[in-house]
Amino acid sequence: MKILIIEDEPKTAAALARSLREEGYSADIAENGIDGLHLALSESYGLIILDVMLPKCDGWSVLRTLKAERANLPVILLTALDAVSDRVKGLDAGADDYLVKPFAFSELLARIRNVLRRAPVQASDLIRVADLEMDRKRHRVSRAGQILDLAPQEYRVLDYMMHHAGEVLTRTHLAEQVWDMNFDGDSNVIDAAIRRLRKKVDDPFEPKLIHTLRGVGYVLEVRH
C-alpha cells in the first residue's frame, strides 16, 4: 500500500513516513499543495494524508480537486484546526476522516485501517502512473497522449503492474497472477514479455517506468 503524506512541516512528515514504513506501508512526502496534488494525480496511491495549512495551495483546495478527479481515493485530513465547523467543512468537502493535531500515531493507524476497510475494492476503469494511462473500459493504453499498440499478453502484464505500481513483483508472482501457471525457473517467458513491453512503454519516453531489481523481479514506478 502506497501512502502520500502532504505536509509542510519537515519533522512531522519525516516522522510519519518513518513510522508508516515500519508498519509495512510505502510512504512518499510532498511539502506543498501543488506538488502534493501533482503526485496524487500522477501516481498510484492507496491513501492520502493531507495537512490543511499548506503553502502554494491549501489543503481544502487540494481535497476538492482530488475528490473531483478521483472520488474513490481515500483522504485523511490532518490539521491544528479543531473547531466543529472546520471538521464539518473537511467532511463536507469529501474527506474520509479528520484528525486534529497533536495526535497519537496509534490513532492515525487505526483511522487508516478503518478508512481502507470502507474504501471501494473494485478496480478503477482509469489508471494513471505518471503520463502512462490505461482506460480499461476502452481497453486502451496511452503514454504522453500517444496510443500504444499492445498485444493481449502485454496488456495483461501492464494492467497488473499498474494496479500494483510501486510494489516489487517477482517473476513467480507475475507468472501465477498473469499467466496462471506454475513458474519454471528456467523459462524466460516473463523476461521476454517485459522486454517487449519496455520497447513500447519506456523506450520512446522519459522517465523510464519499468525497473528491474536484479535477482528479484520488476517494479513499475516513477523514480526521481
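Modeller: A nonpolar core is a set of buried Ala, Val, Leu, Ile, Met, Phe, Trp, Tyr and Cys residues joined through side-chain atoms within 4.5 Å. The model here is predicted.

Colleague: How many residues has the largest nonpolar core?
Modeller: Leu132, Val141, Leu158, Met161, Met162 and Leu174 have the most contacts inside this core. The core's residue count is 28.

Colleague: Which other core lies apart from it, and of how many residues?
Modeller: Among its members are Ile6, Val52, Trp60 and Val75. This other core has 21 residues.

Colleague: Which residue caps the N-terminal end of α2?
Modeller: Look at the backbone nitrogen of isoleucine 34. A side-chain oxygen lies 3.1 Å from it. That oxygen belongs to asparagine 32.

Colleague: What covers the buried residues of α2?
Modeller: Those buried residues are Gly33, Gly36, Leu37, Leu39, Ala40 and Ser42. Their cover includes β1 (2-6), β2 (26-30), β3 (47-51), α3 (59-69) and β6 (126-129).

Colleague: Is glutamate 43 buried or exposed?
Modeller: Glutamate 43 sits in the loop between α2 and β3. Buried means under 20% relative accessible area. Glutamate 43 has 5% relative accessibility, so it counts as buried.

Colleague: Which side chain does glutamate 43 join in a polar contact?
Modeller: The contact spans 3.4 Å between two side chains. The partner of glutamate 43 is lysine 2.

Methods
Residues are numbered from 1 along each chain as its sequence is written. This is a predicted model: local features need pLDDT of at least 70, side-chain atom pairs count only at pLDDT 80 or more; totals for chains, interfaces and linings use all residues. Side-chain values use heavy atoms; hydrogens and water are left out. Buried means under 20% relative accessible area, exposed over 50%, partly exposed in between (1.4 Å probe, protein chains only). Helices (H or I, at least four residues) and strands (E, at least two) are DSSP runs, numbered from the N terminus. Contact means heavy atoms within 4.5 Å. A polar contact is a pair of N or O atoms within 3.5 Å; within protein, one must be able to donate a hydrogen and the other to accept it, and residues adjacent in sequence count only if both atoms are side-chain atoms.
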